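Let's take a friendly walk through this one. Have a look at the picture first, then read on.

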Amino acid sequence: MTDVLTVMASCRVRETARARTIPQLRQAGLDPIVFLSPCNPAGAAQNRAVAYEALTHAAGKRLPTLYVEDDIDIDQQLFPWALDLAVRLDAVTYLYLNDTPARLREHFGREIERSITNEEPLVR
């Protein structure tokens, strides 16, 4: 997937998270550009600043862009399909699973929330 620019925002100290995520992105055919924040202190302001830097860089490239965090796990079968669909839609698309059962239920319904919280594979 070399036609998708991948940018990652991360804190300098989150080397372990990046070391898990970057190889998964590369396995999916992506080569992330990492933008680091000192995160001193860590918080919303620092996160916004590094995200702005990453997205400003991407905006100048005029390519489909995938913005990722540093601590994601990729389903190597489902992810390429979802990313390809997002690129073909040519619109802002979120590939995100909410982090609480209540938000999962609100956005995806009870059945999918149960599957995710029980760590069952999702079927597209």
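Is the disulfide of C11 and C39 left-handed or right-handed? The torsion about its S-S bond is about -75°, so the disulfide is left-handed. Before going on, two notes: this is a predicted model, where local features need pLDDT of at least 70, side-chain atom pairs count only at pLDDT 80 or more, and totals for chains, interfaces and linings use all residues. Residues are numbered from 1 along each chain as its sequence is written, and side-chain values use heavy atoms, with hydrogens and water left out.

Back to the cysteines. A disulfide here is a pair of cysteine sulfur atoms within 2.5 Å, and the count by that rule is 1 disulfide. The sulfur atoms of C11 and C39 sit 1.8 Å apart. This pair links distant parts of the chain, 28 residues apart: C11 is in strand β1, while C39 is in the loop between β2 and α2. (Helices, H or I with at least four residues, and strands, E with at least two, are DSSP runs numbered from the N terminus.) Both ends are tucked away: C11 is buried, with a relative accessible area of 15%, and C39 is buried, also at 15%. Buried means under 20% relative accessible area, exposed over 50%, and partly exposed in between, using a 1.4 Å probe and protein chains only.

Now for the sheet. It is open, has 3 strands in the order β2-β1-β3, and its pairing is parallel; two strands pair if DSSP finds at least two bridges between them. β2 and β3 (65-68) are at the edges with a single partner strand each, so one side of each has no neighbour in the sheet. Between β1 and β3 there are 4 bridges, and M8 has V68 in β3 as its bridge partner.

Two helices pack on this sheet, each touching β1, β2 and β3, where contact means heavy atoms within 4.5 Å. The angles below run from 0 to 180 degrees between N-to-C directions, with axes fitted as lines to C-alpha atoms, for helices over the stretch in contact.

| α1 | 15-27 | about 175° with β1 |

Which residues of α2 are buried? They are V50, A51, A54 and A58, and they pack against β1, β2 and β3. On the other side of α2, A45, R48, Y52 and A59 are exposed.
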